[in-house]
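Please look over the fold of chain B with the notes below at hand. They take up the sheet and then the helices.

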Amino acid sequence: MRLAAFNVVAVARLVYNYGFLCYHIFMIYLDHAAATPVSDKVFEAMKPYFSHDFFNPSAAYLPAKKVAADFEAAKGVIAHAIGAKASDLVITAGATEANNLAFTSINLDGSCRSFSSPTSQGSVGDPLHDRHPSILYLETEHDSVRKIAEQYGGEAVRVLPSGVIDLKDLRAKITDETQLISVSLANNELGTIQPLTEISGIIREIKIDRLKRGIKTQLLLHSDASQALNLLDINVARLGVDLLTLNSAKVYGPKGVGALCVSHDVRLKPVVYGGGQENGLRSGTENVPSVIGFAKAVELAKEHLNGNRKKFASWRKILLAELQGYELINKKHSLDNFVVLCYNGIDAERLVFLLEEKEVYVSTGAACAASKGIKSHVLKAIGLSDAEIAGSLRLTLGETNDEEQIHDVAQIINGVVATERERLNG
Amino acid sequence: MGKKVFVGMSGGVDSSVSALLLKEQGYDVTGVYMKNWSRDLPGMKCPWAEDLADAKRVAVKLGIPFEVWDFEEAYRDKVVEYMLREFKAGNTPNPDIMCNQEIKFKLFYEKAMEHGADFIATGHYARAGAGPSLMRAVDENKDQTYFLYRISNEALGHTLFPIGEMLKPDVKKLAEKNGLHNAYKKESMGVCFVGEVGMKDFLKEYIDIEPGEIREIETEKVLGVHEGAVFYTIGQRHGLYISGVKGEINDGLPYYVVKKDLVKNIVYVSKNLNDKHIWTKELKLKDIVMRTEPTKHILVRLRHRAPLIPATLVDDTLYFEQEIKRPAAGQSAVFYDGEVCLGGGIIL
């Protein structure tokens, strides 16, 4: 069936855009929330900076200065895409580091006790556990936010069954000690888009009230926008965020590079010390090729934003129409490319392995959580039972797909689900 | 449907092929991953989740049901506690032997029986003969009866060892032929603290360890500093941290651990390969398990894959014809008569 659907144009397009992917020509990849391939245009843009333009941007001679200028220009491209300036960005080695860096904005002197450095084992000496948490974070956040928030004694804010933040719970949990609220722009397991402008509205109200009462504690909003950069039109001023995390690896750029966009009045502390790059906040020789690639990827994402959204929304409709015997989990407020399904009574991990044999790649949840054998805290938070969590499958559409594949994959998934049901009933 | 078998699947090639063979032989097979340990150690990721995924992938490929049975609590109580106790006493315990005795061929066996099993199966290289008797594997190089000598006859009587008659290379070939992805997987024990490196990290987490002196036994001269006497095994030659010792003793010959004084926390070493602490003609044992009627003249294996050596067993003492290098206290001496494993005991 797959061979019958073999489409020369589609293959040619795939080879053109993702030349190296020819090895997986029959693959149908539906896990774009986990990783995206670097597109050829991005790869081409990066290449000179590995060899010809290899210079250390901090060096004194002209060729190095040219590299430094290209690097700054690339940062400018990334920053402009979200309505910021190059100088607002701190380049990091990925979104996890950017999220961790955002938490250094908390003022630990004065209002709080001093902070002993976090340990890998999760039990910090003594930070803030016995007092009002100065950090609030959404309970469905990615581990790169959850774990650091826990280190600082943060408190989780609940989500509604739709996956959207419970604003009442947020209001109830904000105290005069609250300094930082972290809410991702779009969730990495459900694609749920959070109402950040509403949250920043609440924050503004509270800041006005604090001012009236003479309380000087800062109140910042951080958002991890890793999943959303190529699917939503993002503007930091409009969203009202103080700190925004970006990720290259989810938008067809290279892995291992990300950025934290920091508004002017936020003071951060370095997590990496050294030569003072990135305004002293993230030392280390600049990862020039990756930032050039990241910028190219952002440029392409902006260019294709509207077209991609329409395309993914229509493919999502096709899948929902042609798939059988499922329950849709992310019904509303979702990114267009997320399709999260629940197959009752079925172990979705078995489906992942059955689909793998047909070169169809999907996941049961966040890749890192699944590999640790941990049940998804996100699906739990929206009220799914253990059995429903076990039956949940996440499909995330992306640029490696075409419509032909979407029709095909619906049939393939229906097929393996039927096989599995037969095995269970036989 | 054939007889009902629960096969322990670790994610490795041996248990995967075992499941494959049982399926082909017409058994009603259920794969089970025994979750015994999942805690990461500092700087070391416990491989359990990956092993579990590997096992499950094979089960799905074979089209058999797959379950995860959680024995973590029992493993901690029965295996980990025993290990810590033994190390604290200065011995070198063998967690695999204890795990087979207490978990795989006890709790797993019992639970399988409760679930209506006719048999359990594992990917061990061993054979179950009539009687039942525990017999060495056909692949002499892989034989694992050393780890199995303490399992109960009741469990053994209900155990299938599907690869006991096969050679390891053939097991790998069969996995490849059937597209089992773990044909090339590195052998793992599923618990991160097995192996020399892991054990050290593990002990550091659970036992208070003090650095102490390393002394030459003949001269009482302090040669260096050790990290904690429990880490050292009699006969050990590596990891002594006494390189660069200058002067008359630096003749290039290696030092061996010959004695541990746990009270004073001193590790004694010697270059003298003939040191009386290293060699012996007799070994006293405890906790002897006899699987069959004791015979006097037997073959003994003192380590997994070590050669079989003739000995005489009188009460709880083994007498050897020639001097042997003394094995670490806490390890096992396992007895054989030809292919049959007669039992064994723990070396004092």
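The points that follow go through the strands, the sheet and the helix packing.

1. This is a predicted model, in which local features need pLDDT of at least 70, side-chain atom pairs count only at pLDDT 80 or more, and totals for chains, interfaces and linings use all residues. Residues are numbered from 1 along each chain as its sequence is written, and chains are lettered from A and ligands numbered from 1 in the order in which they are written.

2. Chain B has an open sheet of five strands, ordered β3-β2-β1-β4-β7, with parallel pairing. Helices (H or I, at least four residues) and strands (E, at least two) are DSSP runs, numbered from the N terminus; two strands pair if DSSP finds at least two bridges between them. The edges are β3 (66-70) and β7 (159-160) of chain B, each with a single partner strand, so one side of each has no neighbour in the sheet.

3. Strands β1 (residues 4-8) and β2 (residues 28-35) of chain B are joined by five bridges in the parallel sense. K4(B) has D28(B) in β2(B) as its bridge partner.

4. Helix α1 (residues 13-24) of chain B packs on helix α6 (residues 168-177) of chain B at about 65°, with the axes 10 Å apart. Axes are lines fitted to C-alpha atoms, for helices over the stretch in contact, and angles run from 0 to 180 degrees between N-to-C directions. α1(B) and α6(B) are therefore roughly perpendicular to each other (65 to 115 degrees).

5. The contact (C-beta atoms, placed from the backbone, within 7 Å) involves V13(B), D14(B), S16(B) and V17(B) of α1(B), and V171(B), K172(B), L174(B) and A175(B) of α6(B).

How values were computed
Angles under 35 degrees count as roughly parallel, over 145 as roughly antiparallel, 65 to 115 as roughly perpendicular and the rest as oblique. Two residues are in contact if their C-beta atoms, placed from the backbone, lie within 7 Å.
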